[in-house]
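Please look over the structure below.

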Amino acid sequence: MRDKPPAEPPSSEVTPEKTYLRRRELLKNAGLFAGTAVAVAGGLHLLGRKQTRPMERFVPDAGLVEQPVAQAMGPFDTDEPRTPYEDVTTYNNFYEFGFDKNDPARFAHTLKPKPWSVVIDGEVHKPRTVDVEQLTSWFSLEERVYRMRCVEAWSMVIPWLGFPLAALLQRVEPTSHAKYVAFTTLLDPEQMPGQRRALLDWPYTEGLRLDEAMNPLTLLATGLYGRQLPNQNGAPLRLVAPWKYGFKGIKSIVRISLTREEPMTTWRLSAPREYGFYANVNPSVPHPRWSQASERRIGDFERRPTLPFNGYAEQVAHLYTGMDLRRFY
Ligand SMILES: Nc1nc2c(c(=O)[nH]1)N[C@H]1C(S)=C(S)[C@@H](COP(=O)(O)O)O[C@H]1N2
Ligand SMILES: [Mo]
């Protein structure tokens, strides 16, 4: 794919991350990131949790989430240091806004996440079209601190806010024919200028098997770090399945369809030899163009070994018993 970007290039190979970080350092020194620490502190304070990292200064224009959030450390939370807010919100993959890591932070302001309607249809007894704010009000938001491992071999630790996808699916009552869940991102080149170019087959789509979708780890996120999702992270609603490569985490969702057949997914369509439907993090199966044995946690210098299922084997390995995980990638 040359008229398209190289299929998910390892960022470390293409845009050396160091260059990116240096650029950011320059901006910092110029004072462009100063002045919003108090707002962040407020947001973090809301959660009533001690921070493991110093406050960062850069805050996109995303409001505090007023709804109270459960404060105890949950059973799935990692206590590893959280990737600073600034990195989580300026080092992104969101090709609808370009394919440099800082393009989404620079250009995603054209996305209008409010009002936003979500269609839930297909093999369900109670299909509906609902505004995302109403949809969110059906559930109490939880904070989940998850590792995220991109297929490009970098990773982060992100405190998401959201609710289990299972809770939503139960509410719409899947029929006995439902086997998969298909997700679709907004298609609107006005709001998502990258869609004017054929980088990918728009709109971005993703999917899960129904039992993966029902797993308690699987989250629909509406925020991070106690704030609403910044546009560049997939406002107003995105998927988080932390044992899978990051590209499964489809952003800015407008449709959730229960299906009988395995849905086609954007990256699989784009490069079927490189990206499969399952995309479980698996250090023993290299990507055709690079190893998946280790990863670089954003902010770290040394690489670290990648864990099977991204460290969530205890929660999800049973979903794949009997499957050849080398074949079903
Ligand atoms: N619609 C859409 N969703 C997407 C992508 C994208 O390009 N478009 N990129 C994916 C990839 S490759 C990754 S690693 C994660 C990145 O999420 P983050 O930018 O919030 O860290 O989003 C995923 N979801
Ligand atoms: Mo990714």
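The sections below take these topics in turn.

## Confidence

This is a predicted model. The protein chain has an average pLDDT of 85. Of its residues, 79% score at least 70.

Residues 1-6 have a pLDDT below 50. Beyond near neighbours in sequence, residues 1-6 make eleven contacts in the model. Residues 9-61 also stay under 50 in pLDDT. Beyond four places in sequence, the model gives residues 9-61 90 contacts. Where pLDDT is low, the predicted coordinates should not be read in detail.

## The second largest pocket

The second largest pocket holds about 300 Å³ of space. Its lining has 23 residues. Nearest the centre of the pocket lie Tyr245, Asn280, Asn282, Val285 and Tyr329.

What is the make-up of the lining of the second largest pocket, in nonpolar, polar and charged residues? There are 15 nonpolar residues, five polar and three charged.

## Ser257

Ser257 sits in strand β10, which covers residues 253-259. Is Ser257 buried or exposed? The relative accessible area of Ser257 is 8%. The cut-off for buried is under 20%, so Ser257 counts as buried.

Which residues does Ser257 touch, leaving aside neighbours within four places in sequence? They are Asp121, Tyr180, Val181 and Ala182. With Asp121 there is also a polar contact: the side chains of Ser257 and Asp121 are joined at 2.5 Å.

Technical notes:
Residues are numbered from 1 along each chain as its sequence is written. Chains are lettered from A and ligands numbered from 1 in the order in which they are written. This is a predicted model: local features need pLDDT of at least 70, side-chain atom pairs count only at pLDDT 80 or more; totals for chains, interfaces and linings use all residues. Side-chain values use heavy atoms; hydrogens and water are left out. pLDDT is the predictor's confidence in each residue, from 0 to 100. Contact means heavy atoms within 4.5 Å. On a 1 Å grid over the protein atoms alone, a cavity is a set of points where a 1.4 Å probe fits but cannot get out, and a pocket is an open set with protein on both sides within 12 Å along at least five of seven lines; lining residues have an atom within 4 Å of a point. Grid points are joined across faces, edges and corners, and a volume is the space filled by probe spheres set on the points. Ala, Val, Leu, Ile, Met, Phe, Trp, Tyr, Cys and Pro count as nonpolar, Asp, Glu, Lys and Arg as charged, and the others, Gly among them, as polar. Helices (H or I, at least four residues) and strands (E, at least two) are DSSP runs, numbered from the N terminus. Buried means under 20% relative accessible area, exposed over 50%, partly exposed in between (1.4 Å probe, protein chains only). A polar contact is a pair of N or O atoms within 3.5 Å; within protein, one must be able to donate a hydrogen and the other to accept it, and residues adjacent in sequence count only if both atoms are side-chain atoms.
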